[in-house]
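Subject: Structure for you to look at

Hello,

Here is the structure for you to look through. My notes on what was found follow below it.

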Amino acid sequence: PGLKPLIFHETNAFVIFYSVTDRDSFLDVERLWVIDAQTHCHDVPIVLVASKTDLRVRSNDVITTLEGEELAKKIKAESFVEISSLDGEGLDYMMDEVLRCAVDHKLQKSIAVEVKNQGKQCLVL
């Protein structure tokens, strides 16, 4: 089992990155990272992030926005975001999406606890 169950125990959102210039990192999303997320926290939302989008203009073999969107649908990601750390493009939106997904998940968990306790004034946030 290892430490993953302990580490993922309080997880409210998974943020999985890949580089648009690295096809292996793109393939690893499905091969590795989504498996971890689904194995240890199957109900936690995933935010899929495509990074280094500024390098698309300099490279021929890049992962397109469409490929990223299709992968996001396939892995049932809650959100798909493209960013460039170099020029700052998409960073604020990415943070907004991660926080939105995490807060929504936390609220859903707290509502489930309240329903489970059938209104016994127990609310976990």
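Three strands make an open sheet in the order β1-β2-β3, and the pairing is parallel. Strands here are DSSP runs of E with at least two residues, helices are runs of H or I with at least four, and both are numbered from the N terminus. Two strands count as paired if DSSP finds at least two bridges between them. β1 (14–19) and β3 (79–82) stand at the edges with a single partner strand each, so one side of each has no neighbour in the sheet. On average, neighbouring strands of this sheet are turned by 20 degrees against each other, direction ignored.

Before the details, two remarks on the source. This is a predicted model, in which local features need pLDDT of at least 70 and side-chain atom pairs count only at pLDDT 80 or more, while totals for chains, interfaces and linings use all residues. Residues are numbered from 1 along each chain as its sequence is written, and side-chain values use heavy atoms, with hydrogens and water left out.

Now the pairing. β1 and strand β2 (residues 46–51) pair in the parallel sense over six bridges. In β2, valine 47 is the bridge partner of valine 15, and isoleucine 46 is that of phenylalanine 14. The chain crosses from β1 through α2 to β2, and this β-α-β crossover is right-handed (with the strands pointing away from the viewer, the path from the first strand over the helix to the second runs clockwise). β2 and β3 also pair in the parallel sense, over four bridges. In β3, the bridge partner of valine 49 is valine 81, and that of alanine 50 is glutamate 82. β2, α3 and β3 make a right-handed β-α-β unit.

How enclosed is β2? Six of its six residues are buried, so β2 is largely enclosed by the rest of the structure. Buried means under 20% relative accessible area, exposed means over 50%, and partly exposed lies in between (1.4 Å probe, protein chains only). Both faces of β2 are covered: Ile46, Leu48 and Ala50 are buried on one side, and Val47, Val49 and Ser51 on the other.

The largest nonpolar core has 20 residues, and those with the most contacts inside it are Phe14, Tyr18, Val29, Ile46, Leu48 and Ile75. Such a core is a set of buried Ala, Val, Leu, Ile, Met, Phe, Trp, Tyr and Cys residues joined through side-chain atoms within 4.5 Å. β1, α2, β2 and α3 each supply at least two residues of this core. Its largest share, four residues, comes from α2. Apart from it lies another core, of seven residues, among them Val81, Ile83, Met94 and Val98.

Two single residues are left. Histidine 105 sits in helix α4 (residues 91–116) and is buried, with a relative accessible area of 8%. Its side chain makes a polar contact with the side chain of asparagine 12 (3.2 Å). A polar contact is a pair of N or O atoms within 3.5 Å; within protein, one must be able to donate a hydrogen and the other to accept it, and residues adjacent in sequence count only if both atoms are side-chain atoms. The side chain of histidine 105 also reaches the backbone oxygen of aspartate 43 at 3.5 Å. Serine 84 is in the loop between β3 and α4, and at 0% relative accessibility serine 84 counts as buried.

Regards

Notes:
Axes are lines fitted to C-alpha atoms, for helices over the stretch in contact, and angles run from 0 to 180 degrees between N-to-C directions.
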